[in-house]
Each structure stands twice: as structure tokens, then as C-alpha cells.
Amino acid sequence: MLEREILQYAVDNFSDVNGLGIAVNQKDSHTLDLLKEYGFEKNDNNENILEKLFEENGFDYTLPVGIRIKELDVNQDLYKQHSVLWHGFENEGDLPLDQTTLDKQSRMLSAPSLNSYLHLVAVNEENDFVAYCGCWYHPQTDYAYVEPVCTIPNYRKKGLGKALVLEALKRSQSAGAEKAYVISDSPFYKNMGFMQHSNYSFYWKK
């Protein structure tokens with residue numbers, strides 16, 4: 001009964017002009033049946049979840065000469081973090097520096113759950129950010145969440161992304177995490193020991 005009340009509340013209060021979308025584990029047949037009963041229809045979007053259980057000595061990596069890892073300085077690194085994300089994800093056009101965009105980045109860096117010790121960058125000899133890994137962990141849970149991870153094109157295939165992820169996971173473990181999750185199906189993560197965990201499909205009610 002409570003599930004139906006919660007779902008009805010979500011439909012009544014969180015729907016917008018596009019309707020309401022809910023991501024559901026494909027193995028959760030009970031919730032799938034409930035959504036279909038309420039008129040939700042499956043669309044083509046889905047999210048794959050990978051999981052890595054931490055091992056005592058599972059975080060080894062090497063860095064190329066001239067590259068170092070530093071943690072993000074949320075007060076000083078706004079521009080550089082914005083730049084490495086823009087170029088690392090190969091966005092088209094010039095780096096946007098309008099106030100709206102910078103304010104959005106600033107809000108992300110001021111999130112209460114952001115621990116700068118777990119948000120790491122690879123820095124070259126010119127002190128430029130060339131790769132980035134965001135990692136999120138709350139002490140009330142036993143897991144970390146990895147996102148986003150990117151490397152600018154000229155520095156790929158050097159192991160920088162792997163080094164940042166593994167260092168972030170090692171730091172997460174020292175903070176109390178026992179495992180980590182990432183939304184991906186990429187061999188990049190599987191080669192670091194991430195394994196298939198679950199798959200979520202999206203259901204929409206318009």
C-alpha cells in the first residue's frame with residue numbers, strides 16, 4: 001500500500017512537461033509490474049552499474065614522468081577543473097566562461113557531500129590539469145561512487161585515468177568505504193576489477 005502512495009505522490013508532485021521518468025532494476029519484477037499498472041512505459045534509455053569490492057592491495061598504479069596527482073582545491077581550481085572537464089569530454093567549441101556556466105560549476109564544487117580529498121587531478125609540468133576523477137563517499141554508507149572521469153585527448157593512453165581512479169578508491173577505502181560503484185559498461189573500469197552489478201531501465205509516464 002505504501003509503495004502505491006509513494007508512486008502516486010511522485011506522479012502528482014514531480015512530473016513536468018515531459019512527464020515523469022523512473023529508473024528501475026530490471027530484476028525488480030514487483031516494481032516493474034507496479035509501474036506498468038500506473039501507465040509507465042519503457043523507453044530506450046538504460047544505465048549499467050558496475051561494482052568493485054575493495055582488496056587490501058588492489059590499488060597499484062604508475063605515473064608517467066612529469067605527471068603528479070593532486071587533490072582538487074575547491075576555492076582555487078574552478079577554472080582548471082571546468083577546463084579539463086570540457087576538453088576531456090570533447091565538447092565542441094570554445095570553453096564557455098559565461099557567469100551562468102561558472103556559477104553552475106561553483107555550485108557543484110560547493111556540494112556538502114564533496115570531499116576534495118577524493119576529487120583528484122593529474123597535473124603536468126606546466127601545472128595544467130590533464131585528467132580528472134571525481135569520487136564521492138559519505139561515512140554513513142559503505143560504498144564510494146566514481147563520477148566523472150576524463151582525460152584530455154593529448155594525454156590519453158598513458159594510464160592517467162586509471163591512476164586517478166585507483167588513487168581515489170584507495171583514499172575511499174582509508175575513509176571507510178568497502179566497495180565502489182560506477183555507471184558504465186566500459187572495459188576501462190572492468191580492467192580495474194569492476195564487475196557487473198545491475199542494469200536499470202527507464203520507464204516514463206507522460
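These legends walk through several close-up views of a predicted model, beginning with the whole chain.

**Figure 1. The whole protein chain, from end to end.** The protein chain holds six helices and eight strands. Followed along the sequence, these elements come in the order α-β-α-β-β-α-α-β-β-β-α-β-α-β. The C-alpha trace spans about 60 × 45 × 30 Å along its principal axes. Of the 206 residues, 40% count as buried. Among contacts with a separation of 6 or more, 72% are between residues 24 or more positions apart.

Figure 2. Leu7, Ala10 and Val11 are the buried residues of H1. Seen down the helix axis, these buried residues of H1 fall within an arc of 95 degrees, so they line one face of the helix.

Figure 3. Which residues of H2 are buried? They are Leu32, Leu34 and Leu35. Down the axis of H2, its buried residues keep within an arc of 160 degrees, so they too line one face of their helix. Asp33 and Lys36 are exposed on the other side of H2. H1, E1 and E8 are among the elements that cover the buried residues of H2. After H2 comes glycine 39, whose phi is positive, near 90 degrees.

Figure 4. Is serine 198 buried or exposed? It counts as buried, because its relative accessibility is 6% and the cut-off for buried is under 20%. The side chains of serine 198 and histidine 197 are joined by a polar contact of 2.9 Å. Setting aside residues up to four places away in sequence, serine 198 touches Asn25, Glu47, Asn48 and Ile49.

**Figure 5. Helices H3 and H4 where they cross.** Two helices share this view: H3 (residues 78-88) and H4 (residues 99-109). Their axes come within 10 Å and cross at roughly 105 degrees. That angle makes H3 roughly perpendicular to H4. On the H3 side, Leu78, Gln81, His82 and Leu85 take part, meeting Thr101, Leu102, Gln105, Ser106, Met108 and Leu109 of H4.

**Figure 6. The two sides of helix H4.** Staying with H4, we can look around the helix. Leu102, Gln105 and Leu109 are buried in H4. Their directions, seen down the axis of H4, fall within an arc of 60 degrees, so these buried residues line one face of the helix. The buried residues of H4 pack against H3. Turned away from that buried side is a face with the exposed residues Gln99, Thr100, Lys104 and Arg107.

Figure 7. Valine 74 lies in the loop between strand E3 (68-71) and H3. With a relative accessible area of 30%, valine 74 is partly exposed. Not counting residues up to four places away in sequence, valine 74 touches Leu109, Leu114 and Ser116; of these, Leu109 is among the buried residues of H4. Valine 146 is 72 residues apart from valine 74 along the chain, and 18 Å separates their C-alpha atoms.

**Figure 8. Lysine 179 in strand E7.** Our last stop is lysine 179, found in strand E7 (residues 179-183). Lysine 179 counts as buried, at 19% relative accessibility. A polar contact of 3.5 Å links the side chains of lysine 179 and tyrosine 181. Leaving aside neighbours within four places in sequence, lysine 179 is in contact with Glu51, Lys52, Leu53, Phe54, Asp142, Tyr143 and Ala144.

How values were computed
Residues are numbered from 1 along each chain as its sequence is written. This is a predicted model: local features need pLDDT of at least 70, side-chain atom pairs count only at pLDDT 80 or more; totals for chains, interfaces and linings use all residues. Side-chain values use heavy atoms; hydrogens and water are left out. Buried means under 20% relative accessible area, exposed over 50%, partly exposed in between (1.4 Å probe, protein chains only). Helices (H or I, at least four residues) and strands (E, at least two) are DSSP runs, numbered from the N terminus. The arc is that of the directions from the helix axis to the C-beta atoms. Contact means heavy atoms within 4.5 Å. A polar contact is a pair of N or O atoms within 3.5 Å; within protein, one must be able to donate a hydrogen and the other to accept it, and residues adjacent in sequence count only if both atoms are side-chain atoms. Axes are lines fitted to C-alpha atoms, for helices over the stretch in contact, and angles run from 0 to 180 degrees between N-to-C directions. Angles under 35 degrees count as roughly parallel, over 145 as roughly antiparallel, 65 to 115 as roughly perpendicular and the rest as oblique.
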